[in-house]
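Here is a friendly briefing on how one protein chain packs together. Please have the model open as you read.

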Amino acid sequence: MILTFKEEMKKRFEMTDLGLMNFFLGMEVHQAEGIFISQTKYAREILKRFKMENCKSVSTPLVVNEKLSKDDGSKEVDLKQYRSLVGSLLYLTVTRPDLMFATSLLSRFMSKPSEVRMGTAKRVLRYQKGTLDFGVLYQPCSDPRLIAYSDSDWAGSVDDTKSTSGYAFTFGSGVFSWNSKKQDIVAQSTAEAEYVAASAGESSYMAKEDT
């Protein structure tokens with residue numbers, strides 16, 4: 001008789017079969033024709049924690065072409081609250097690649113938050129309010145292909161004119177790897193900024209492949 005993997009595990013170890021996983025470390029997992037991963041419950045908890053559960057939603061996490069700087073002239077805000085908010089958003093990016101750029105931008109000002117940056121962070125919460133059910137869907141694919149996307153905003157940082165790289169990888173269906181990070185060098189042209197972004201994505205893929 002040939003035992004299945006599950007039966008073999010039960011035979012060797014004392015364990016209980018709880019069925020399909022539906023919740024893990026704040027992530028909700030729905031399994032039907034595919035696997036849909038989201039953090040709806042956690043997103044609602046963030047809104048409640050920062051008293052934004054009744055706020056009006058917006059269609060984008062940031063204002064178009066919005067720039068943040070270290071010296072914006074506004075008053076400083078509570079450091080602990082700002083760090084708590086940005087930290088919560090960072091954990092939400094586990095299943096929300098659409099929040100990655102905005103959250104990465106806000107995390108650059110953890111040492112000296114201001115009213116302007118807190119206002120920007122609250123706008124991200126307002127966007128989150130209207131997209132609570134967003135997540136990542138993985139479905140079976142007959143012809144899976146690895147596809148990578150990369151982009152950059154040339155000289156997007158007001159303080160040091162550095163660009164921000166962004167990349168995302170898909171394999172057949174949903175995105176499985178994404179990132180947004182300020183580049184280490186000052187790009188001299190849009191082409192150079194794009195090249196650095198593409199190179200960062202390739203390096204990340206090669207590192208994952210090696211492991």
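Predicted model: local features only at pLDDT ≥ 70, side-chain atom pairs only at ≥ 80, totals over all residues.

Residues are numbered from 1 along each chain as its sequence is written, and side-chain values use heavy atoms, with hydrogens and water left out.

**Nonpolar cores**

- The largest nonpolar core holds 26 residues, and Leu85, Leu106 and Leu125 have the most contacts inside it.
- At least two residues of this core come from each of α2 (40–49), α3 (79–92), α4 (100–106) and α5 (115–129).
- A nonpolar core here is a set of buried Ala, Val, Leu, Ile, Met, Phe, Trp, Tyr and Cys residues joined through side-chain atoms within 4.5 Å; buried means under 20% relative accessible area, exposed over 50% and partly exposed in between, with a 1.4 Å probe and protein chains only.
- A second, separate core has five residues, among them Met100, Val136, Val175 and Trp178.
- Beyond its neighbours within four places in sequence, Leu125 is in contact (heavy atoms within 4.5 Å) with Ile46, Leu47, Phe50, Met52, Leu85 and Leu89.

**Helices α3 and α5**

- Helices are DSSP runs (H or I, at least four residues), numbered from the N terminus.
- The axes of α3 and α5 come within 11 Å and cross at roughly 35°; axes are lines fitted to C-alpha atoms over the stretch in contact, with angles from 0 to 180 degrees between N-to-C directions.
- On the α3 side, the contact is made by Gln81, Tyr82, Leu85, Leu89 and Leu92, and on the α5 side by Arg117, Met118, Ala121, Val124, Leu125 and Gln128.

**Aromatic rings**

- The structure has three aromatic pairs, where rings of Phe, Tyr and Trp (its six-membered ring) pair if their centres lie within 6.5 Å; planes under 30 degrees apart count as stacked, over 60 as edge-to-face and the rest as tilted.
- Tyr42 and Tyr91 form an edge-to-face pair, 5.3 Å centre to centre with 85° between the planes.
- This pair links distant parts of the chain, with Tyr42 in α2 and Tyr91 in α3, 49 residues apart.
- Tyr42 is buried at 14% relative accessibility, whereas Tyr91 is partly exposed at 31%.
- The ring centres of Phe169 and Phe176 are 6.1 Å apart and their planes are at 35°, so this pair is tilted.
- Phe169 is buried, with a relative accessible area of 6%, and Phe176 is partly exposed at 38%.
- Tyr167, Phe169 and Phe176 form one aromatic cluster.
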